[in-house]
Amino acid sequence: MIKFGPSGLCAQFSEQGYKHTIQAGAWLKKLGLDCFEYSFGRGVQIKADTAKEIGKEFADCGIEISVHAPYFINLATIEEEKAQNNHRYIFDSLAALRAFGGKRCVFHPGSPLKSTREDAMQLLLKRFEKVLELKNEYGYSDLLLCPETMGKKAQLGNLEEVIEMCKLGDETIVPCIDFGHLNSRECGLYNSKDDYKKTIDRLIDTLGESKVDRMHVHFSKIQYTSNGELRHLTFDDNIYGPDYEPLLEVFKEYKLNPYIVCESAGTQTRDALAMKTYYMSLNK
Ligand SMILES: [Zn+2]
C-alpha cells in the first residue's frame with residue numbers, strides 16, 4: 001500500500017507540547033499518516049533499547065519507520081579510511097533500523113573529489129558492490145537500501161547514476177527518488193503529469209516494475225540556482241515547485257505503491273497530510 005509521512009519531528013509537534021519521538025507514533029496515527037523517517041543525518045546516536053521502545057510503540061500505532069543514514073557518506077572517496085567510515089555509517093544505520101523494526105534505509109551516494117565525474121562514479125560503484133556484499137554477510141539481506149537522487153549538480157546521484165547503483169543490487173536495492181532534488185538540479189524539470197511520467201517510465205524500463213512499485217520517494221518544494229538545490233521550502237511556495245498533484249495522479253494511474261516522505265522545511269507533517277488527502281480524493 002502507498003504510504004505518506006514526514007521526515008523528522010516538525011514545529012507543530014513541539015508547539016502542541018510533545019517532546020519525545022516515542023509520542024509521535026500515536027500523533028501521526030491520529031492525523032491519519034502512515035510512516036515516519038528518522039534522520040541520522042548528523043550521525044547514528046540512538047541507543048538500541050531506545051530504538052526498540054520507539055519501534056514497538058510505532059508498530060502498535062501502525063506507523064512504519066524508515067531511517068536516513070548520515071550525510072557524511074561518500075562512496076566516491078579515494079581514501080580507504082573514509083571508505084571504512086562509510087561502512088560504519090551505513091551498518092550502524094541498518095542496526096538502528098533493525099532495532100526500530102523498519103525496512104528502509106536511505107543514503108546520499110557521494111561527490112567526486114579531485115577526479116572526473118566518470119572516474120568518481122566507477123569508484124563509487126566498486127565501493128557500493130562491497131557494501132552490498134557486507135550487507136548480506138552482516139545479516140541485513142532483507143532490509144531495503146535506497147540510494148537517493150541528489151539536488152546539487154556537483155553531487156553524484158542524478159537519475160541515471162542512481163539507476164546504475166540500483167542495477168548492481170538485488171530486489172532490496174531500490175531507488176530513493178527525491179523529486180524536489182531532481183527538479184532543482186535540472187532547474188525546473190516537473191511541470192506536468194507527462195514530465196513525471198518520463199522519469200517513472202525510465203525507472204520501470206531500467207529497473208523493472210517491482211522495484212519501482214516499492215521505491216522510496218522524498219518530496220518537497222526546493223529553491224534552486226543554476227548549480228541546483230539551495231534550500232527546502234514549504235508547500236506555501238508557488239515559485240520553485242514542483243507540484244505534487246500531477247505526481248500523485250501518475251502513481252494512481254500506474255497503480256504504484258511507493259513510500260512517500262515529505263521533507264518540507266518545518267511543515268513536513270502538514271504537507272505529507274496534504275499529499276495523502278489529495279491522493280485519497282483521486283479514489284472518488
Ligand atoms: Zn536525503
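Which residue stands opposite His-216 in β7? Select Cys-176 and you have the answer: Cys-176 faces His-216 in β7. Keep both on screen, as the tour starts from there.

**Before you click**

You are looking at a predicted model, in which local features need pLDDT of at least 70, side-chain atom pairs count only at pLDDT 80 or more, and totals for chains, interfaces and linings use all residues. Residues are numbered from 1 along each chain as its sequence is written, and side-chain values use heavy atoms, with hydrogens and water left out. Helices (H or I, at least four residues) and strands (E, at least two) are DSSP runs, numbered from the N terminus.

**Stop 1: the sheet around β7**

Select β1, β10, β7 and β6, in that order: these four strands form an open sheet with parallel pairing. Two strands pair if DSSP finds at least two bridges between them. At the edges lie β1 (3-6) and β6, each pairing on one side only. From one strand to the next, the twist averages 20 degrees; angles here run from 0 to 180 degrees between N-to-C directions, and axes are lines fitted to C-alpha atoms, for helices over the stretch in contact.

Now zoom in on β7 (residues 216-219). Val-217 stands opposite Ile-260 in β10.

Show the side chains of β7 next. His-216 and His-218 point one way, while Val-217 and Phe-219 point the other way. In a regular strand the side chains alternate between the two faces of the sheet. All of these β7 residues are buried, where buried means under 20% relative accessible area, exposed over 50%, and partly exposed in between (1.4 Å probe, protein chains only).

**Stop 2: His-181**

Move to helix α7 (residues 179-185) and pick His-181. Is His-181 buried or exposed? His-181 counts as buried because its relative accessibility is 4%. Leaving aside residues up to four places away in sequence, His-181 touches Glu-148, Thr-149, Met-150, Gly-151, Ile-222, Glu-229 and His-232. Contact means heavy atoms within 4.5 Å.

**Stop 3: α10 and its helix neighbours**

Select α10 (residues 245-254). Its buried residues are Pro-246, Leu-247, Leu-248, Val-250 and Phe-251. What covers them includes β1, α7, α8, β7, β10 and α11. Just after α10, check the backbone of Lys-255, which takes a positive phi of about 55 degrees.

α8 passes α10 in a right-handed crossing. A crossing is right-handed if the near helix is turned clockwise from the far one by less than a right angle, and left-handed if anticlockwise. In α8, colour Lys-193, Tyr-196, Lys-197, Ile-200, Asp-201 and Ile-204; they meet residues of α10 including Pro-246, Leu-247, Val-250 and Tyr-254. By class, this contact of α8 with α10 has eight nonpolar, no polar and five charged residues. Ala, Val, Leu, Ile, Met, Phe, Trp, Tyr, Cys and Pro count as nonpolar, Asp, Glu, Lys and Arg as charged, and the others, Gly among them, as polar.

Then bring in α11 (residues 268-281), whose axis lies 10 Å from that of α10, at an angle of about 45 degrees. α10 passes α11 in a right-handed crossing. To see the contact, select Glu-245, Leu-248, Glu-249, Phe-251 and Lys-252 of α10 with Met-275, Tyr-278 and Tyr-279 of α11. The classes here are five nonpolar, no polar and three charged residues.

**Stop 4: the other four strands**

Finish with β2, β3, β4 and β5, which in that order form an open sheet with parallel pairing. Its edge strands are β2 (35-39) and β5 (144-147), each pairing on one side only. Here the twist averages 25 degrees from one strand to the next. Four bridges join β4 (residues 104-107) to β5, and Val-106 has Cys-146 as its bridge partner in β5. Helix α4 (residues 80-100) packs on this sheet, touching β2, β3 (64-68), β4 and β5, and its direction makes about 170 degrees with that of β3.
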